[in-house]
Amino acid sequence: MALFQNLETLEKKNKIDALCKWAKNPRNKDRAQAVEALRRIGTPEAARALLRLTESDDIAVWEPACRAIARLSDPAVVPALLRGLEEGQHPAPILQALSSIGSPEALNALYKALEDPRLVPEALSVVKQRRESEAVDALEALLLRQLESREENGAVKYLLLSNSLCREVLSALGSMGSVAALRCLHRFLRQRPDAPLRLRIQAGRKLCAMGDEGLYALTGYIGEDCGDEGRVRLLIHSLPNEPLVDTLYENMEGKSADELAQTLIAALPQTDEEFWPRIVSLLERLDRDAARSGLLLWFVQSKAASRDAGYMLARHGDTNPVLVKRLVDMVHLEEQPARKRAGDLLHDLYVDNLIGEEGVRLVRAQLNADGAAVDYSYIGPQV
C-alpha cells in the first residue's frame, strides 16, 4: 500500500521523470500503474515521456506505454505525437490517439499519414473506423495513388501488395455506410474502368450491400451501357442479387436488352465455368429470341459444355427442336468427351419430360459393368 500511495504522490506532483524511472525498474511490481499515471497526467511532457518508454526493449514497459498513448485525449499533446511519428516511434498508438483527440490538427495529421508509405497500414486501420466525409476523401486519394503507382511499377510483388491495399480501402469504404462513401465507390467504377476486374467487382458488391441507394447507383451504372463488357461483368459477379437484376430489367428497353444478350454471350468463353449458370439465368430472364439464338450458337460451338444452357434451351419452343437435333449430331459426329456430354443431356432432358423420344431413339448408350453410361453411339439413319 505504501508503494501505491507513493505513486499517487508522484502523480499529484507531476513527477514525470520519477514515474518513468519507476516504470523502467524491473524490481517494481507496479510498473504498469506508473505508466498509467503518466497517461492521466496527460501533458505534452508526459506524452513525450510515454513515447520514450515505447523505445524500451522490455515488453513490460513499451506495451503499457503504447496502450497509454492510444488513450491520450488532450489536443495539447498533438505536437509531441507528431514528433514521435517523425522519429519513427510506434505509429499505431500515436495514430489512434490522433483519431481519439479528433481536433482539426490531429485529424489532418492522421489523414496525412495515409500519404506516407511507412504509415499507411497503421493509418488505414485507424481511418477506416471513422465516418466523416474527410475520412472518405483521404481513403479515395489513397486508392487513386495506389492505382497510379500500380501502373507505373510493374513488379509482381509490388502489384500484389498494391492490390491488397486497394481491396482493404474498398472494404473500408463499404463498411462506412455513408453517402460520401457510396459516392466514392460509384466514382471509382465510373472513373477507373481500367482498374483490375477484381477491384471493380469488390466495389460493385459493396454498393449492392449499401441498401437501396447503392443498389440504384450500381444498376444505373450498368444500365447506361449494356454493351460494355466491363459493366456487364459487374452484373455477372454481383449475383446472386435478385433486387439488382429486377431493377435493371424493369427499366430496360428492347435495344438495351439485345445489347445485354450479346455482351453476356460474348462473355461466356472468357468467363470461368462456375459463372455460366448465372449468365444462362440472366439470358433466360431476358426472354428474347436473340438471347436464345445466341446461346444456342455458343452451346453448339462449345460442344454442349454447359448443362444449364441445354436445359434453358430445352424449356423454350423456339430452340427445343434445334437443340435436340444438334445433340444428336454431336453423338454422331463428335469425339468421345462431347459425345458423352450430348448423350447424357439427351437422356436427362427426356427423363425430365423436356424433350420427346424422337431424339433419344437415335442414340444408344454404351454401359459399363455397373450399368452406367460411358459413351453413346448414333444408331439413326445414315445421311
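This is a predicted model: local features need pLDDT of at least 70, side-chain atom pairs count only at pLDDT 80 or more; totals for chains, interfaces and linings use all residues.
In general terms, side chains of opposite charge can pair when their charged atoms come close. Across the model, 29 salt bridges were counted. One of them joins Lys-303 to Glu-334, with an N to O distance of 3.2 Å. Lys-303 is located in the loop between helix 19 (289-301) and helix 20 (307-314), while Glu-334 is located in the loop between helix 21 (320-333) and helix 22 (336-351), so this pair ties together parts that are 31 residues apart in sequence. Lys-303 is partly exposed, with a relative accessible area of 35%, and Glu-334 is likewise partly exposed, at 24% relative accessibility.

A further salt bridge is formed by Lys-325 and Asp-329, for which the closest N and O atoms are 3.3 Å apart. These two residues both lie in helix 21, 4 residues apart, or about one turn of the helix. Lys-325 counts as partly exposed at 48% relative accessibility, and Asp-329 is also partly exposed, with a relative accessible area of 23%. Elsewhere, salt bridges with shared partners connect Arg-190, Glu-224, Asp-228 and Arg-231 into one network.

Aromatic side chains were examined next. The count came to 1 aromatic pair. The pair consists of Trp-276 and Trp-298 in an edge-to-face arrangement, with 5.1 Å from centre to centre and 80° between the planes. Trp-276 is in helix 18 and Trp-298 is in helix 19, so that distant parts of the chain, 22 residues apart, are linked by the pair. Both partners are buried: Trp-276 has a relative accessibility of 13%, and Trp-298 has one of 8%. Another ring, that of Tyr-249, has the charged end of Arg-285 over it, 5.5 Å from the ring centre.

Thr-271 is found in the loop between helix 17 (254-267) and helix 18 (276-286). Its relative accessibility is 8%, and Thr-271 therefore counts as buried, the limit being under 20%. When neighbours within four places in sequence are left aside, Thr-271 is in contact with Arg-233, Trp-276 and Ile-279.

Burial was also considered for a whole helix. Helix 3 (residues 31-41) has 11 residues, of which 8 are buried, and the helix is therefore largely enclosed by the rest of the structure. The buried residues are Arg-31, Ala-34, Val-35, Glu-36, Ala-37, Leu-38, Arg-39 and Ile-41. Gly-42 follows helix 3 and has a positive phi, near 65°.

Glu-134, finally, is placed in helix 10, which comprises residues 133-152. With a relative accessible area of 44%, Glu-134 is partly exposed. The C-alpha atoms of Glu-134 and Asn-108 are separated by 9.1 Å, although the two residues are 26 residues apart along the chain.

Definitions and conventions
Residues are numbered from 1 along each chain as its sequence is written. Side-chain values use heavy atoms; hydrogens and water are left out. Buried means under 20% relative accessible area, exposed over 50%, partly exposed in between (1.4 Å probe, protein chains only). Contact means heavy atoms within 4.5 Å. A salt bridge is a side-chain nitrogen of Lys or Arg within 4 Å of a carboxyl oxygen of Asp or Glu. Rings of Phe, Tyr and Trp (its six-membered ring) pair if their centres lie within 6.5 Å; planes under 30 degrees apart count as stacked, over 60 as edge-to-face and the rest as tilted. A charge sits over a ring if NZ of Lys or CZ of Arg is within 6 Å of the ring centre and within 35 degrees of the ring normal.
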